[in-house]
Amino acid sequence: MFRSRAKTEKALTDKVTVDLSQPRDPQAPKGRPTPKRSEAQTQRRRAASSAPTDRKAAMKRQREARRVDLAKQREALASGDERYLPVRDKGPVRRFVRDYVDSRFCIAEWFLPLAVIILILSVIQVQNIQSISLLLWLGVIILIVIDSIGLSMRLKKQLRERFPDTPKRGAVAYGLMRTLQMRRLRLPKPQVKRGERP
């Protein structure tokens, strides 16, 4: 009855176990004693003095890891190694789409060189040449659209036959975007020759 209040509080706080894994109700008691001001200040100073060096070291390690990952990705894009390819290029479906597109001649891959030639022709101040360049623009665009529609229909059919249960979302668009790049500039590099069926 006449015991010291500080001793009884200390005894009670020793018995309390803290479970920080579960969120606690804001109205509930915290279940641990409030640290003394001097202890809290030393903890804050210790955290403040160690944080920047640890953060710098962590950032440096993170940059180094990112650099290594990017180097592996570049090598994989050149060699076709599936393990280190970016996520958009991984998987058997994407590999088949790349091989299917690379094995064919597509008009769309010549769009950029043809566009430069047509642009030069349209700058020349001769009426006949300018009208020819306009017709060439129209012809190239129509040929690319027809070629792309045919390629997408054939590619969808092949994907349905070869990968009936595998998700194929975005595979045809991936192939059409690949046709717009010149063969030598495509990444990942083509693994099949023209005319070679995948």
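These legends accompany close-up views of a predicted model. Local features need pLDDT of at least 70 and side-chain atom pairs count only at pLDDT 80 or more, while totals for chains, interfaces and linings use all residues. Residues are numbered from 1 along each chain as its sequence is written, and side-chain values use heavy atoms, with hydrogens and water left out.

**View 1. The chain is built from 6 helices and 0 strands.**
Along the sequence, the pattern reads α-α-α-α-α-α. Helices (H or I, at least four residues) and strands (E, at least two) are DSSP runs, numbered from the N terminus. The chain has 198 residues, and 22% of them are buried. Here buried means under 20% relative accessible area, exposed means over 50%, and partly exposed lies in between (1.4 Å probe, protein chains only).

**View 2. Helix α5 packs against helix α6.**
α5 covers residues 127–162 and α6 covers residues 171–179. Their axes are 10 Å apart, at an angle of about 140°. That angle makes α5 oblique to α6. Axes are lines fitted to C-alpha atoms, for helices over the stretch in contact, and angles run from 0 to 180 degrees between N-to-C directions. Angles under 35 degrees count as roughly parallel, over 145 as roughly antiparallel, 65 to 115 as roughly perpendicular and the rest as oblique. α5 passes α6 in a right-handed crossing. A crossing is right-handed if the near helix is turned clockwise from the far one by less than a right angle, and left-handed if anticlockwise.

**View 3. Helix α3 packs against helix α5.**
The angle between α3 and α5 is about 140°. Their axes lie 11 Å apart. The two helices are therefore oblique to each other. Their crossing is right-handed.

**View 4. Glu 82 and Arg 98 form a salt bridge.**
The closest N and O atoms are 3.4 Å apart. Glu 82 sits in the loop between α2 (37–79) and α3, and Arg 98 sits in helix α3, so the pair ties together parts that are 16 residues apart in sequence. Glu 82 is partly exposed, at 26% relative accessibility. Arg 98 is buried, at 4%. A salt bridge is a side-chain nitrogen of Lys or Arg within 4 Å of a carboxyl oxygen of Asp or Glu. The structure holds 8 of them.

**View 5. Arg 88 and Asp 89 meet through their side chains in a salt bridge.**
The N to O distance is 3.3 Å. Arg 88 is partly exposed, with a relative accessible area of 49%. Asp 89 is buried, at 0% relative accessibility.

**View 6. Glu 109 and Arg 186 form a salt bridge.**
Their closest N and O atoms are 3.5 Å apart. Glu 109 lies in the loop between α3 and α4, and Arg 186 in the segment after α6, so the pair ties together parts that are 77 residues apart in sequence. Both Glu 109 and Arg 186 are buried. A network of salt bridges links Asp 102, Glu 109, Arg 178, Arg 186 and Arg 194.

**View 7. Phe 105, Trp 110, Leu 114 and Ile 117 make a nonpolar surface patch.**
The patch amounts to about 380 Å². Patches are made of residues with over 30% relative accessible area and no salt bridge; like charges are joined within 9 Å, nonpolar side chains (Val, Leu, Ile, Met, Phe, Trp, Tyr) within 5 Å. Accessible areas come from the Shrake-Rupley method with a 1.4 Å probe; for residues, only the protein chains shown count as cover. Phe 105 is placed in the loop between α3 (92–102) and α4 (111–123). Phe 105 is exposed, at a relative accessible area of 52%.
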